[in-house]
Amino acid sequence: MIDQKLVKAGQSGNIIREIAEYGAKQAKIVGEDNVYNFTIGSPSINPPDCVFETMEKLTASMSPAKLYTYAPAIGFPEVREKTAEYLRNTFGVPYRAQDVVVTCGTSTCLAALTKVFLSGGGRAMTFTPYFMDYKYYADSHGEGLIECPTNPDTFQIDLDVTEKTLTSDTMMLILNSPNNPSGVVLKREGLEGLAKLLEKKQIEYGHPIYIVADEPYRDLVYDGQEVVFLPTIYKNTIYCYSFSKNISLPGERIGFMAFPPELDDYSDIYSAAIAAIRSFGYICVSSLWQRICVECLGATSDISIYKSNRDLLYGSLTEMGYQCVYPDGAFYLFMKTPEPDAEAFCRRAMKENLLVVPGDSFGTPGYVRIAYCVSPDVIKRALPVFKKLAEEYGINK
Ligand code: PLP
């Protein structure tokens, strides 16, 4: 028998890709410059120099046979040691080499940990708006994702709503800050309140609740905003990091997860996570790229372009009468649509070759996500189209 749940999931498609593909087709007809594509969260700036310098050093000093050899299933010992050392020195949490597992981005961490916590009957919860793949993992391995609304004016955590939404079988809470799709960075106050609430609920429910900190955008923050390192405020946190966005290497598929030594049921969770990774075949991550990435921990790409894109887009759109929560990080703006049906707005924008994606895919109808990891020229050319739509909808001031 074929798993019909999987068949359905595979057939459900991905609206982001669908709109992006439409954009690619349109570009051939009207010319690339006349399509304003804000659909895909793929970095538009180059990786930092350390990537190329390390690559050169490695290729000059190692034989190809050694360089491209199979890595151990969960990463080279020296890569895991250097990562643990970096985390210890930067955040003061006493990670050891054995606590670090090298992965294919945070996707691997999320898929594996969802399997670990949900296969036995637990539930996963996350805050809205959220990255759509969380739902995919939760649907594949368990009874689906519990969506917890945030404060609609700020997308910050609402502790009362969170307390009401938590269920006695919640095992895993996925937190993503800076957030895809809102760009919001979760504030320390809300996170500390959340940590206290979870500590209380663990006692009430009689089992641990684990935070999975999904942080592919940790280093993409503007104006010196603090991104709280969750393991320092809540010990049952598994930290997941990726080099995809932070240093612009999405295609190389490198990231890691780190289990704090004092994690409850450490040994079972760690063993199960490794087995889950293996069961998916996500083992032996690229030897060359894990060696490069570890040398670039702490380095960032030049994110000044994202910041100026953010400033231009946020300033212009709000001036035109659109409403958006101010994004402190990542490279997304989540804009309220002038009509409640976000997909209808997207289709109307598509007719003008303006491509954005509906918030329904992120558990939040009535919004669109604008990925501004594009050249500033694309934004400049797209602004008159946003203005035209604002006028048509009568929201312009
Ligand atoms: N989590 C979030 C919030 C994302 O936006 C993405 C990618 O867009 C991922 C996880 C997966 O990233 P990767 O597997 O490349 O690290």
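Leaving aside its neighbours within four places in sequence, which residues is D265 in contact with?

**View 1. D265 in its loop.** D265 is in contact with P208 and Y210, once neighbours within four places in sequence are set aside. Contact here means heavy atoms within 4.5 Å. D265 sits in the loop between β8 (255-258) and α10 (266-280). Helices (H or I, at least four residues) and strands (E, at least two) are DSSP runs, numbered from the N terminus. P64 is 201 residues from D265 in sequence and 41 Å from D265 in space, C-alpha to C-alpha.

This is a predicted model: local features need pLDDT of at least 70, side-chain atom pairs count only at pLDDT 80 or more, and totals for chains, interfaces and linings use all residues. Residues are numbered from 1 along each chain as its sequence is written, and side-chain values use heavy atoms, with hydrogens and water left out.

View 2. Of the 14 residues around the ligand, S107, D214, Y217, S242 and S244 come nearest. Helix α6 (residues 105-118) gives the most to the shell, with 3 residues.

View 3. A polar side-chain atom of S244 lies 2.7 Å from an oxygen atom of the ligand. For N180, an N or O atom of the side chain is 2.7 Å from a ligand oxygen. The side chain of R253 also places an N or O atom 2.7 Å from an oxygen of the ligand. Taken alone, the ligand exposes 400 Å², and the protein buries 92% of that. These areas come from the Shrake-Rupley method with a 1.4 Å probe.

**View 4. T237 in strand β7.** T237 lies in β7 (residues 237-242). T237 is buried, with a relative accessible area of 0%. Buried means under 20% relative accessible area (1.4 Å probe, protein chains only). A polar atom of the T237 side chain is 2.7 Å from the backbone oxygen of Y234. Beyond neighbours within four places in sequence, T237 has contacts that include I211, A213 and L263.

**View 5. Two cis peptide bonds.** One joins T128 and P129, with omega about -10 degrees. P129 lies in the loop between β3 (123-127) and α7 (133-141). Another joins S177 and P178, with omega about -10 degrees. P178 is found in the loop between β5 (170-175) and α9 (188-205).

Definitions and conventions. Buried means under 20% relative accessible area, exposed over 50%, partly exposed in between (1.4 Å probe, protein chains only). A polar contact is a pair of N or O atoms within 3.5 Å; within protein, one must be able to donate a hydrogen and the other to accept it, and residues adjacent in sequence count only if both atoms are side-chain atoms. A residue is near a molecule or strand if one of its heavy atoms lies within 4 Å of it.
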